[in-house]
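Please read the following note with the sequence and the model open beside you. The points are numbered so that each can be checked on its own.

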There are 2 protein chains.
Amino acid sequence: MHARCVGLEAPFSSTLTLAPAGLGVFDVALSSEWAVGGGRLHGGWLLALVTKAGLAALRPAGADPLAVSAEFVRAPVEGPAEVRTEVVKTGRTVSVVRADLYQDGRLAVSATISAGRLPVGEREWAELPALDAAPPPHAPSTARGPEPLPPLAHACELVIDPATSGYLRGERGAPLIRGWARPRGEDPNVLFALMAGDLLPPVVFRVGRIGWSPTVQLTALLRRRPAPGWLRLESVSRTIAGGWFDEDCTVVDSSGRLVCQARQLALVARRG
Amino acid sequence: MHARCVGLEAPFSSTLTLAPAGLGVFDVALSSEWAVGGGRLHGGWLLALVTKAGLAALRPAGADPLAVSAEFVRAPVEGPAEVRTEVVKTGRTVSVVRADLYQDGRLAVSATISAGRLPVGEREWAELPALDAAPPPHAPSTARGPEPLPPLAHACELVIDPATSGYLRGERGAPLIRGWARPRGEDPNVLFALMAGDLLPPVVFRVGRIGWSPTVQLTALLRRRPAPGWLRLESVSRTIAGGWFDEDCTVVDSSGRLVCQARQLALVARRG
């Protein structure tokens, strides 16, 4: 696994590769760099991939994603797939494009992207979680995990706040996880900020529900292009009930500005 | 306007009327009961209408909405329209259906509904805003507004928490609005809970940006069928920047349980 990464200078961006394959259709490779166990692909990475395809279908080119809403219909596996896009609206302030990921002819992820121009000026108002600008030196990090590193650790660095990492030792607490993330070999861009909204471990790990917690629906609002440096992440849940939980991840960049808000509805892992 | 309401025993549910008009297509009437100024229709009501149509297209019948995600592409006006549905997936735990509202052949609202069974048992975890179970007696209410009552006030009662209603007197504060809502003549159901996620005035009214604040994208998670009685609402914004704001409304029922979480990306009203 590791050998495949050697030579990749920007293993996040370089895995988001689109090969035009017809009008609004792109061939894509679901990369083992972004496998997260059981052959499944990382949901946030899939979201970044379909969003890149959707934006590529819009004219004029160069629009930013403002909102990305996705239903995870079936879990795709490593290998070839295609994204079929359809422009729903071309507008002056907002354009809307659908981008559906198919594998073996079956729908895996259906996303709708509202695109336009992200703000660049100062904000009128902000009330954000208080998160340290960078991780403490000895926090649990994908950069210092057990060897061999999980595939994802080759593409980005993710550090969990020690104050919220008790689940790694079997401790339980409120469903809140904080951390920091940055891509390897490049600065974070808006697609990395989008992916970061689904990068922390499922927040239900904190209440002892460890395991595969499939996302059913995720909507991310993008608010600004991230500044270079660490992204700060905080995930919380309002309610866990009847096998369902919400997870709301706030992503703040190194300048302290909101870059992504991602809320998902997901299924709690079954009790082992 | 008032005369049209006489005799309607449940003016919320009775305006959500679907007339089958072909395979997966429903004729609907965009009702003046739900006009909110300038001939525009209430966004939350449109969401409830398309969701009802999407659910009606699913077999077996009787599924609950779990997540509703919608792009507001064009503002429709009072009059006839149609909802075209397409079942994307039929699953044991989750089915997915698209429901698009067209008027005069043009797409107005595109919604995707993830449907299944809402939980009925006890929750494992909840951390919700502290909101009083019912409004205080003298709070600003649509039931005691100026005559003639706005159309919406005939269909439901909405009370604004006096602690967050300073914008009515031109005062400014943090972008936070609380209130209570209930339909007239019936108990709240899950579609009313969905609509309630977009029922408070735009939260940017608190920072002095009063006016039409069009929703671009809204995703609501439904978490439980509401108990009879008042729904408690709280809307907050994380960031207002570059003409855009997020608004996150939490809807809690009379038993204190989370019933809806609705987050939208919207455009700030232009400075008058």
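1. A polar contact is a pair of N or O atoms within 3.5 Å; within protein, one of the two must be able to donate a hydrogen and the other to accept it, and residues adjacent in sequence count only if both atoms are side-chain atoms. By this rule, 26 residue pairs, both residues at pLDDT 80 or more, are in polar contact across the interface of chain A and chain B.

2. Some conventions come before the rest. This is a predicted model, in which local features need pLDDT of at least 70 and side-chain atom pairs count only at pLDDT 80 or more, while totals for chains, interfaces and linings use all residues. Residues are numbered from 1 along each chain as its sequence is written, chains are lettered from A and ligands numbered from 1 in the order in which they are written, and side-chain values use heavy atoms, with hydrogens and water left out.

3. How many residues does each chain bring to the contact? Chain A gives 52 residues and chain B gives 52 residues, where contact means heavy atoms within 4.5 Å. The two chains bury about 4,600 Å² between them, 56% of it on carbon and sulfur atoms; buried area is the accessible area (1.4 Å probe) that two parts lose on being put together, summed over both. Trp125(A), Arg238(A) and Arg263(A) supply 17% of the area that chain A buries against chain B, more than any other three residues.

4. Six salt bridges are counted between chain A and chain B, a salt bridge being a side-chain nitrogen of Lys or Arg within 4 Å of a carboxyl oxygen of Asp or Glu. One joins the side chains of Asp248(A) and Arg263(B) (2.6 Å, N to O). Another pairs Arg223(A) with Asp246(B) at 2.7 Å, N to O; because Arg223(A) lies in the loop between β10 and β11 of chain A and Asp246(B) in strand β13 (residues 244-252) of chain B, this pair joins two chains. Strands here are DSSP runs (E, at least two residues) and helices are runs of H or I (at least four), numbered from the N terminus.

5. Is Arg223(A) buried or exposed? Arg223(A) is buried, with a relative accessible area of 4%, and Asp246(B) is buried too, at 0%; buried means under 20% relative accessible area, exposed over 50%, and partly exposed in between (1.4 Å probe, protein chains only).

6. Within chain A, the side chains of Asp64(A) and Arg225(A) meet in a salt bridge (2.7 Å, N to O). Asp64(A) lies in strand β3 (residues 64-72) and Arg225(A) in the loop between β10 (215-222) and β11 (231-236), so the pair ties together parts that are 161 residues apart in sequence. Asp64(A) is buried at 4%, whereas Arg225(A) is partly exposed at 47%.

7. Ser95(A) is buried at 9% relative accessibility, and a polar atom of its side chain lies 3.0 Å from the backbone nitrogen of Gly91(A). Gln103(A) is buried at 12%, and the side chain of Gln103(A) reaches the backbone oxygen of Val77(A) at 2.8 Å.

8. Helix α2 (residues 43-56) of chain A has 14 residues, of which 12 are buried, among them Trp45(A) and Leu46(A).

Technical notes
Expected span 1.5 Å × (residues − 1).
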